Amino acid sequence: MSTRDGLLRLVTPERCTRDRRRALDPETLRAAGEIVERVRKGGMDAVSVYAERFGERLPGEPLVIDRSDLVRALEEIDAPTRTLLERIAGRIGRFARAQLDAVGEVDIAIPGGRAGHRVMPVEAAGCY
């Protein structure tokens with residue numbers, strides 16, 4: 001298979017398997033494994049270290065925020081900003097629900113039988 005400009009080529013399943021590249025390089029996999037092992041052994045103390053290291057929290061900030069602190073923070077937001085944030089949250093929620101519905105299983109009766117689809121993991125897929 002080819003085009004006039006030669007951008008497309010036929011690739012066999014065997015070649016896809018042979019030419020498969022790792023999504024992550026070995027050094028990244030090694031570093032990630034080290035982090036997982038340190039968290040496994042060190043628990044929440046290790047999680048705190050990595051949360052600070054990767055900028056997810058400032059030094060000394062708690063990993064878990066009390067509900068009362070969350071409620072107090074919510075109450076301190078001015079009305080126009082809170083209304084805006086609630087509207088945005090609603091839009092995000094509606095879109096996320098629509099995305100989930102779009103990839104759900106379909107099974108319907110049709111003349112002569114049934115038709116549908118299932119979403120399931122595969123080892124490899126062809127794309128164009």
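Reader: What makes Arg87, Arg91, Arg94 and Arg97 a positive surface patch?

Author: In this predicted model, Arg87, Arg91, Arg94 and Arg97 form a positive surface patch. Arg counts as positive, and like charges are joined into a patch when they lie within 9 Å and belong to residues with over 30% relative accessible area and no salt bridge. Arg91, one of the four, is found in helix 4, which covers residues 79-102.

Reader: What makes Leu84, Leu85, Ile88 and Ile92 a nonpolar patch?

Author: Leu and Ile are among the nonpolar side chains, and such side chains are joined within 5 Å. Leu84, Leu85, Ile88 and Ile92 together have about 340 Å² of accessible area. Leu85 lies in helix 4.

Reader: Why is Leu85 called partly exposed?

Author: Its relative accessibility is 44%.

Reader: Where do Arg38 and Glu34 lie, and why do both count as partly exposed?

Author: Both are in helix 2, residues 26-53, and they are 4 residues apart, about one turn of the helix. Arg38 has 46% relative accessibility and Glu34 has 33%. Both values fall between 20% and 50%, so both residues are partly exposed.

Reader: Which salt bridges does Glu37 form with Arg40 and Lys41, and how do you know that they count?

Author: Glu37 meets Arg40 in a salt bridge at 2.7 Å, N to O. Glu37 also forms a salt bridge with Lys41, where the closest N and O atoms are 3.9 Å apart. The limit is 4 Å, so both pairs count. Glu37 and Arg40 are 3 residues apart in helix 2, while Glu37 and Lys41 are 4 residues apart in helix 2. Each spacing is about one turn of the helix.

Reader: Why is Glu37 called partly exposed, and why are Arg40 and Lys41 called exposed?

Author: Exposed means over 50%. Arg40 has a relative accessible area of 60% and Lys41 has 69% relative accessibility, so both are exposed. Glu37 has 29%, a value between 20% and 50%, so Glu37 is partly exposed.

Reader: What joins Glu27, Arg30, Glu34 and Arg38 into one network?

Author: Salt bridges that share partners join these residues. The structure holds 9 salt bridges.

Reader: Why is Arg118 called exposed, and where does it lie?

Author: Its relative accessible area is 57%. That is over the 50% limit, so Arg118 is exposed. Arg118 lies in the segment after strand 2 (113-117). Arg118 and Glu105 are 13 residues apart in sequence and 4.7 Å apart in space, C-alpha to C-alpha.

Reader: What makes up the secondary structure, and how many residues are buried?

Author: The chain has 4 helices and 2 strands, in the order α-α-α-α-β-β from the N terminus on. Buried residues make up 4% of the 128 residues in the chain; buried means under 20% relative accessible area.

Reader: Which elements have the lowest and the highest mean pLDDT?

Author: Helix 1 (residues 13-19) has the lowest, 72, and helix 3 (residues 67-76) the highest, 95. The chain averages 86, and 90% of the residues score at least 70. Where pLDDT is low, the predicted coordinates should not be read in detail.

Methods: Residues numbered from 1 in each chain as written. Predicted model: local features only at pLDDT ≥ 70, side-chain atom pairs only at ≥ 80, totals over all residues. Heavy atoms only, no water. Areas by Shrake-Rupley, 256 points an atom, 1.4 Å probe, with all protein chains shown as cover. Salt bridge = Lys/Arg side-chain N within 4 Å of Asp/Glu carboxyl O. Charge placed at Lys NZ, Arg CZ, Asp CG, Glu CD. Buried < 20%, exposed > 50% of the residue type's maximum accessible area, 1.4 Å probe, protein only. pLDDT = per-residue confidence, 0-100.
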